[in-house]
Amino acid sequence: MVDQHPDPSGNTEAFRAFAQSPEAAAAEPPSRLPLIIGIALAVVVVVALVGWLALG
């Protein structure tokens, strides 16, 4: 029975090719945009609440 997906660690050359593949190098960190939008929205809500309580 032939293994369709050989283990790259079984061969040094295959492992180096696997470890240096462009897929591993192209991984980007997750976007921080949702975090920034969430913080900005929370600040707006807090400022509006403080203003409403101060004027009310």
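A: Happy to. The protein chain contains three helices and zero strands, so reading along the sequence gives the pattern α-α-α. This is a predicted model, and the confidence deserves a glance before we zoom in. The protein chain has an average pLDDT of 81, with 73% of the residues scoring at least 70. Among its elements, helix α2 (residues 22–25) has the lowest mean pLDDT, 57, while α3 has the highest, 96. Where pLDDT is low, the predicted coordinates should not be read in detail.

Helix α3 covers residues 33–55. From its first C-alpha to its last, this 23-residue helix reaches 33 Å, close to the 33 Å expected at 1.5 Å a residue.

Now for its surroundings. Helix α3 is hardly covered, and the count of buried residues among its 23 residues is zero. The chain as a whole has 56 residues, of which 2% are buried. Its accessible surface comes to about 5600 Å², and carbon and sulfur atoms account for 69% of that.

On the surface you will also find a nonpolar patch, formed by Leu35, Ile39, Val43 and Val47. Together these residues have about 370 Å² of accessible area. Valine 47, one of the patch members, lies in α3. Valine 47 counts as exposed because its relative accessible area is 55%, and the cut-off for exposed is over 50%.

Finally, have a look at the loop between α2 and α3, where serine 31 sits. Serine 31 is likewise exposed, because its relative accessible area is 57%. The side chain of serine 31 reaches the backbone nitrogen of leucine 33 at a distance of 3.2 Å.

Technical notes: Residues numbered from 1 in each chain as written. Predicted model: local features only at pLDDT ≥ 70, side-chain atom pairs only at ≥ 80, totals over all residues. Heavy atoms only, no water. Patch = residues over 30% accessible without salt bridge, like charges linked within 9 Å, V, L, I, M, F, W, Y side chains within 5 Å. Areas by Shrake-Rupley, 256 points an atom, 1.4 Å probe, with all protein chains shown as cover. Salt bridge = Lys/Arg side-chain N within 4 Å of Asp/Glu carboxyl O. Helix = DSSP H or I, 4+ residues; strand = E, 2+ residues; numbered from the N terminus. Buried < 20%, exposed > 50% of the residue type's maximum accessible area, 1.4 Å probe, protein only. pLDDT = per-residue confidence, 0-100. Expected span 1.5 Å × (residues − 1). Polar contact = N/O pair within 3.5 Å; in protein donor to acceptor, adjacent residues only side chain to side chain.
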